[in-house]
Amino acid sequence: MDELPADAVYDRTRPTELAVSPDGDRVAFAASEADPDEDETLQSVFVVPADGSRDPHRLTRASGAWNVEWSPDGSKLGVVMVRDEDVDMRVGRDDEGENGADADGETDGDDAEDAADEDGEENGANGDDEPKPQVWVYDLELGGDARQVTDREEGVRDFDWGPEGERVVVSARDPTDEEAEYLEQRREDGPVETERLQHKMDGQGWLDTVTTYLFVVDVETREERRLDDARGGGIFEALGGLQPAWHPEDERIAFCAYHGDDPDDTYVYDLHVVDAADGSVERLTDGEYTASGPVWSPGGNRLAFAARNPTNWYVPADVAVAAPDTGEYRVLTGDLDRTLGWGGGPQWLDDRRILAGIGDEGWTRFVRLDAGETGVPEGPDPRHDRVFDRQSRTETHLGFDADAGTVAAIRSHPAEGYDVHAMDAADIDAGPDDADPRRRLTDLNPDLVADYDHPGTARSRFESDDGTAVEAITHYPPDFDPDDPDPRPALLWIHGGPMAYDQPQFALLTSFWTTRGYLVHRVNYRGSTSYGRAFCEALKGAWNTVEVEDLLAGTEDLVDREWADPDRLFVGGFSQGGVNTAYVLTRTDRFAAGLAEHGVYDMRSAFGTDDSHRWIENDFGLPWENPEAYDAASSITDADRIDTPLLLTAGGNDWRCPPTQSEQLYRTLRKRGVESKLVVYPDEHHNVGDPDREIHRLETLDDWVARFDPGREGDENGDETTGAGGEDGADGDDGDGDGGTDDH
């Protein structure tokens, strides 16, 4: 069996989002690819027929591409992309000057319209060294390259089409003159000045006071109009944007924001509707939810949206529906006791039925909701059905879209990679004994899938110390037989979140280990979603308790089954998985070595330096009011109990789990003489994004394990030195390979 090399990251294509055309005949999707020459991850945009009659057609490669949206008539495709300024905006005569001259007849080199900076080099859009994300539109009837529609100096976050396809609505930052001066100072490495409580956000860096607004933009003329009262606000704005959704027939635009008095101290995100004609704004929800992803029903009388509890993230995320005409809204899935899954919707199948993806005991499946004919459904329990039982629990859907009777989904299977599938909405009731109605539209990873033996998958249930039933998913090498096992080296790999769940899907990290003969054991410990509120909420304010019991019991179960070699056990994880790795190692010396990546180990010091103060306060209170809770949730206070060799990794600009956290634990262990190593990736956030660094991470993890694995004595990596090093905040999911985003 060939080992999957670390540089297989260059062979991986991962779909990230998709959109079904208004007639249901085509599917557009964005996919992530690695460029070995430029050492960057690119986002490509494709279009493919929904009947699978031909291969996907690539439209572009860009540094970033997201928010793929069809125009209402299906003739155009809009995408937010990061690419050099449209040549149409850089050459030729303008209305008042000639040959790129300004209105005063001079090319002063300072205006944003000039295509060159003072050194005469192309500077991308808007005078900055790097281009900013803008809305670009492909005319799929005429063909050719995309046309740049927006030219915002601070870029565009997201957009949606107007009902006639002649306008778009975009959300974009709009600094005042004073704020623009400060931003320029910051670009020139000037001092950071802030009076904000939420002063930083991972991936965004230091936050400022610039307001985000909705703008209506004419697609042809590029003329824009700001909707002054349709503005952003709240902690989630820096991560989620305003998420505009234009009504299918009139001037109403739904968006999400917080307009209260404490924007930096709440996770409330309300659903609003603005009238694009007069700019008036109506708030639909009243502070109960973190609302996101609004979608108008086909007839336009209701809005479906995701609703999360803003003070208790252990409560399952629900689907809700609102009727703007009456101001009524309600949750449709409150009695389902399952959370919305990754990329789970909701999407309307017609004016009555909604399709959503839910996390259901360690996998993502479809649920169909009955929203009634009009208004908001009445009664205690709106009807919902788990559907599409043809889907196996050894695969998952990482995102989907539905329109005009077509459902398209991103399918992931541990041994078969990622691909885009489509099926008729009428076949959503297909059961396990029916023929699979899905049409495979892509073959995105042929070499990666064909050239290596990817893992088999087994589910197991065991009892934790207090008798609680817990489930684990174990990925194993193809030559391993769970029914007639020979013990193998095993890696307990712990998912992040903690409010997340492991599910069977393709992950480069998993295949990397199974092709080297290791089992990868993933325990959905208490605190994981998809098993109901009580199971998840058992961890609220109680980190370093039941989840550790579950992880240790899961390891013992693996040994008792004679699947794992007890002398060759390893433990690791990314984000909350790193947090939990340290917890585990304070309790046992069962493992030969640990790998704690991008974690938090001192909760008190994290409170002032990370971006999660509101969440941590919701769980533990304030550190000066409840210091015992912070100490109990900190592995640094029990570091004298760790004797297991530990590799620690961190991102230099990680504001979710700051690098100082790894530094503290590393120095503590070194002071005590525990074998340990620290790897910090400069400029990386709560992820490891550059392909070369992803390769480095994988190699470093492998070197560390080989160094302490008695079964790899004589291994070329198994000496005291480490090789090129390792990284994988890869698979795009904070290193967990679950397709989701970790809160920690």
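Guide: Let us begin with helix 7, residues 576-587, keeping in mind that this is a predicted model. Helix 7 has twelve residues, and the distance from its first C-alpha to its last is 17 Å, close to the 16 Å expected at 1.5 Å a residue. Helix 7 is mostly covered, since eleven of its twelve residues are buried. The buried residues run from Gln576, Gly577, Gly578, Val579, Asn580 and Thr581 through Ala582, Tyr583, Val584, Leu585 and Thr586. As for what lies over these buried residues, the cover includes helix 6 (546-560) and helix 11 (659-671), together with strand 34 (488-494), strand 36 (564-574), strand 37 (593-597) and strand 38 (646-651).

Just after helix 9 comes Gly621, which takes a positive phi of about 80°.

The side chain of Arg614 is joined to that of Glu617 by a polar contact of 3.4 Å. Leaving aside residues up to four places away in sequence, Arg614 touches Ile235, Asp265, Thr266 and Tyr267.

Elsewhere, the charged end of Arg83 sits over the ring of Trp136, 4.1 Å from its centre.

Across the whole structure, a search finds 24 aromatic pairs. One of them joins Phe29 and Phe46, whose rings are stacked at 5.0 Å centre to centre with 10° between the planes. Phe29 belongs to strand 2 (residues 26-35) and Phe46 to strand 3 (residues 40-49), so this pair ties together parts that are 17 residues apart in sequence. Phe29 counts as buried because its relative accessibility is 0%, and Phe46 likewise counts as buried, at 7% relative accessibility.

A further pair, between Phe607 and Tyr630, is edge-to-face, with 6.3 Å centre to centre and 80° between the planes. Phe607 lies in helix 8 (residues 603-607) and Tyr630 in helix 10 (residues 627-632), so the pair ties together parts 23 residues apart in sequence. Phe607 is buried at 15% relative accessibility, and Tyr630 is buried with a relative accessible area of 1%.

Charged pairs complete the view, for the structure holds 62 salt bridges. Arg252 forms one of them with Asp250, the closest N and O atoms being 3.0 Å apart, and Asp250 is partly exposed, with a relative accessible area of 25%. In another, the side chains of Arg438 and Glu395 meet at 2.7 Å, N to O. That pair links distant parts of the chain, 43 residues apart, with Arg438 in the loop between strand 30 (417-424) and strand 31 (439-440), and Glu395 in the loop between strand 27 (384-387) and strand 28 (396-403). Both Arg438 and Glu395 are buried.

Arg641 and Asp638 form a salt bridge in which the closest N and O atoms are 3.9 Å apart. Here Arg641 counts as partly exposed, at 48% relative accessibility, whereas Asp638 counts as buried, at 17%. Finally, salt bridges that share partners join Arg338, Asp360, Glu361, Arg365, Arg386 and Asp389 into one network.

Definitions and conventions:
Residues are numbered from 1 along each chain as its sequence is written. This is a predicted model: local features need pLDDT of at least 70, side-chain atom pairs count only at pLDDT 80 or more; totals for chains, interfaces and linings use all residues. Side-chain values use heavy atoms; hydrogens and water are left out. Rings of Phe, Tyr and Trp (its six-membered ring) pair if their centres lie within 6.5 Å; planes under 30 degrees apart count as stacked, over 60 as edge-to-face and the rest as tilted. Helices (H or I, at least four residues) and strands (E, at least two) are DSSP runs, numbered from the N terminus. Buried means under 20% relative accessible area, exposed over 50%, partly exposed in between (1.4 Å probe, protein chains only). A charge sits over a ring if NZ of Lys or CZ of Arg is within 6 Å of the ring centre and within 35 degrees of the ring normal. A polar contact is a pair of N or O atoms within 3.5 Å; within protein, one must be able to donate a hydrogen and the other to accept it, and residues adjacent in sequence count only if both atoms are side-chain atoms. Contact means heavy atoms within 4.5 Å. The expected span of a helix is 1.5 Å times one less than its number of residues. A salt bridge is a side-chain nitrogen of Lys or Arg within 4 Å of a carboxyl oxygen of Asp or Glu.
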